Amino acid sequence: MSLLRVENLHRWLGEGETRAHALRGVSFEIESGRTYAIAGHSGSGKSTLLYLLGLLDVPDEGRIWIGDQETSRLDDEARTAVRNARLGFVFQFHFLLKEFTALENVMLPMRKLGRLSEPDMRAKAAELLGAVGLGDKVRRLGNQLSGGEQQRVAIARALANDPALILADEPTGNLDQANADRVFALLRDLAHTRGQALLMVSHNPELAARCDHVLHMKDGRLLD
Amino acid sequence: MSPPLLIALRFLGARKRAMLMSLAGIVFGVAFFVVTQAQTAGFESYFIKTILGVNGMVRVEDRIQGGRVLSAADGSAFAIAVEGSVKYIPGVQFPNKVAEALAGFPEVTASSPVIRGNATLLANFREYDVKPHGIELTTFVAVSDLESQIIDGSLAAFAENPYGLVVGARVARRMNLQVGESVLLDGAGEPQRFRVNAIFETGIDQVDRERVYLHLAACRPLLNKPTGASFVQINLADPALAPALAPRIQQAIGHSTMPWQEREKTWLQVFSVLRVSSALTISTIIFISGLGMFNTLVMIVVDKTREIAILRSMGYTRDDISRIFMYQGGIVVALGVVLGCVAAAAGTWGLSKIPIRIRGIFASDHFVVLWDPWHYVAAAGIAVVVVLVASYFPARRAARIEPGSIIRGSSS
Ligand SMILES: Nc1ncnc2c1ncn2[C@@H]1O[C@H](COP(=O)(O)OP(=O)(O)OP(=O)(O)O)[C@@H](O)[C@H]1O
Ligand SMILES: [Mg+2]
């Protein structure tokens, strides 16, 4: 069974005059342990699709299965629980909580899930920060790190609860070439070694090409 | 520690100054609230204690005569005296019968007959109008605080002297009287010579200025009242029983019987208005801190919108987010109430040590305070309600943040 399956997704955005048909019937599947890039022009509906898959938004039409669970009709609380346990997000902006250290930021999703003891959470967060190359900066506050470092903390945070699927919307959009390469490589390798799926929106054709699959979007539809 | 609580603590730290201002407001508000209540209630209860010590809890006075009494049914105790046809006959003609009847009320712990009249006091070539009160010393001390009101001389000397006199402090001052001095009283009957055995001070101006106590037996010829009493003063096990008991006594003995609460209604109203108005005034301090709290929390919500969105995306529910802000309010109000109550206790204690000379409706040489846990409960209650309401709206606003649209709005 596929990890994620969507069928005929439609989404209108905006109200009245600005109302736009952003997604016009999108269907595809995602397998565990593989990496996917969504490519396409600006305004083609990539982010809209990603937010639907991430259960941050609800489709106007169509269905979304995560595993065997149909999620598009779940209420807010249930969708939130699915996000917590099964999804990880990396956005263009890292959104670290600046009152918390890098380590504590990574622990936030674990605290909510509540499956690990405090020492186990610490150990796991430290390990994840080690994996993104920040083993020596775990005690830094969010705003005491460089942009690239902050984005790597955000990746560690996305991986905190061992999500089945990592959703990334232009995770390297704010980074220079060297950092972008590094962050992308990290995401891809972590996903591969942990058997997680990665779905990434990217404007960078070179990075997109390094994924197992590239989905092309145009005017709210996936091209074959 | 629950994650929302942890986050609440960190967010509080991010707005330390504004939060400290709100906290200070709550501490001051709670403390001032309690201190002003302790003081007004202190004065009130001291006034009550004084007035009870002077005029007793219940007084049986004029006899109610005749009138048609409408019984609800034959033999029913429920009856209505028809207005207008009721006549009052001054005084208590048979105080012994009243005393017998009062024995049937277990709440009554003591009763004492008193006769009252007017006389002129002559001493040191001066004249002064006084109100002689003829008392039975042994029972009267049980229905008043006369013993503790003595500031010079002694009741023991008075007890032994059939023509002894106990004069009010201001009478003594006005007439320049000393203990041991001999004076003449001229009333409705024949003038008589008395010796001042003691001087009392109640603090109530009107009493200290005109009242003198003498023995009932000596008072009769002076005022030309060979029998009966002007009133019977009653003491109860609990002053709070008076309003319920007085009508029953009135019903049973046919004499107008007034509880102290009704007799002192005017002053009691003054005190309760004072107390309520000071409570309202001081509560505004708490309200303003609540407003400050509301403002600060709204600022935090606006400031942290993206962080809230990311928390929602990683699995924090609307309830969690709401709790983050309710906890912030809760922490501040909890701290504020605890510190406020400590400050209140310290302030109340300090106030009670401030010297101030008060005469007029009672006598005190320092601020009077009443320690009442309910003042603390009320202040805490107001603070908690105000802050929780002030936190509720920002919390609701935070909980309504849609993570998708915020995150979408923040990316290019
Ligand atoms: N709030 C909105 N109201 C109306 N239309 C909207 C709204 N948000 C997005 N859209 C439209 O929906 C379409 C899809 O937007 P989306 O953000 O998914 O594009 P995108 O492919 O992610 O673009 P980019 O590469 O620039 O991020 C766009 O045409 C956009 O103008
Ligand atoms: Mg986009």
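Modeller: What follows covers the sheets of chain A, then a helix pair there, then chain B. The model is predicted.

Start with the six-stranded sheet. It is open, and its order in chain A is β6-β7-β8-β3-β9-β10. The pairing is mixed. Strands of a sheet pair through backbone hydrogen bonds, in a parallel or an antiparallel sense. On average, neighbouring strands here are turned by 25 degrees against each other, direction ignored. The edges are β6 (87–90) and β10 (221–223) of chain A. Each has a single partner strand, so one side of each lacks a neighbour in the sheet.

β6(A) runs parallel to strand β7 (residues 165–169) of chain A, and four bridges join them. Helix α2 (residues 76–86) of chain A lies across β6 and β7 of chain A. Its direction is at about 80 degrees to β6(A).

Strand β3 (residues 35–40) of chain A is joined to strand β9 (residues 213–218) of chain A by five bridges. These two strands run parallel. G40(A) stands opposite M217(A) in β9(A).

β9(A) and β10(A) pair in the antiparallel sense, over three bridges. K218(A) has R221(A) as its bridge partner in β10(A). The two strands form a hairpin with two residues between them. In that turn, D219(A) has a positive phi of about 45 degrees.

The other sheet of chain A described here has four strands. It is open too, with the order β2-β1-β4-β5 (chain A) and antiparallel pairing. Its edge strands are β2 (20–30) and β5 (69–70) of chain A, and each pairs on one side only. Strand β1 (residues 4–13) of chain A pairs with β2(A) in the antiparallel sense over eight bridges. L13(A) has A20(A) as its bridge partner in β2(A). Helix α1 (residues 46–53) of chain A packs on this sheet. It touches β1, β2 and β4 (61–66) of chain A, and its direction makes about 125 degrees with that of β1(A).

Next, a helix pair in chain A. The axes of helix α3 (residues 102–113) of chain A and helix α5 (residues 147–158) of chain A come within 8 Å. They cross at roughly 30 degrees. The two helices are therefore roughly parallel to each other, as the angle is under 35 degrees. The crossing of α3(A) and α5(A) is right-handed. From α3(A), the contact takes A102(A), N105(A), V106(A) and P109(A). From α5(A), it takes V153(A), A156(A) and R157(A). By class, the contact has five nonpolar, one polar and one charged residues.

Now chain B, where the strand to follow is β7 (residues 126–135). Strand β5 (residues 108–116) of chain B is joined to β7(B) by three bridges, and the two run antiparallel. R116(B) has H133(B) as its bridge partner in β7(B). Strand β6 (residues 119–123) of chain B also pairs with β7(B) in the antiparallel sense, over five bridges. A119(B) stands opposite V130(B) in β7(B). The hairpin of β6(B) and β7(B) has two residues between the strands, and N124(B) takes a positive phi near 50 degrees. β7(B) runs parallel to strand β12 (residues 211–215) of chain B, with five bridges joining them. P132(B) stands opposite V212(B) in β12(B).

Helix α12 (residues 265–303) of chain B and helix α13 (residues 305–313) of chain B pack at an angle of about 65 degrees. Their axes are 4 Å apart. α12(B) and α13(B) are therefore roughly perpendicular to each other. V301(B), V302(B) and D303(B) in α12(B) meet T305(B), E307(B) and I308(B) in α13(B). The contact residues divide into three nonpolar, one polar and two charged.

Last, the domains of chain B. The assignment gives domain 1 (3–51 + 267–411) and domain 2 (118–134 + 141–228). Their centres, taken over C-alpha atoms, are separated by 55 Å. Eight residues from domain 1 of chain B and six residues from domain 2 of chain B make the contact.

Definitions and conventions
Residues are numbered from 1 along each chain as its sequence is written. Chains are lettered from A and ligands numbered from 1 in the order in which they are written. This is a predicted model: local features need pLDDT of at least 70, side-chain atom pairs count only at pLDDT 80 or more; totals for chains, interfaces and linings use all residues. Side-chain values use heavy atoms; hydrogens and water are left out. Axes are lines fitted to C-alpha atoms, for helices over the stretch in contact, and angles run from 0 to 180 degrees between N-to-C directions. Angles under 35 degrees count as roughly parallel, over 145 as roughly antiparallel, 65 to 115 as roughly perpendicular and the rest as oblique. A crossing is left-handed if the near helix is turned anticlockwise from the far one by less than a right angle, and right-handed if clockwise. Contact means heavy atoms within 4.5 Å. Ala, Val, Leu, Ile, Met, Phe, Trp, Tyr, Cys and Pro count as nonpolar, Asp, Glu, Lys and Arg as charged, and the others, Gly among them, as polar. Two strands pair if DSSP finds at least two bridges between them. Domain bounds come from an automatic or database domain assignment.
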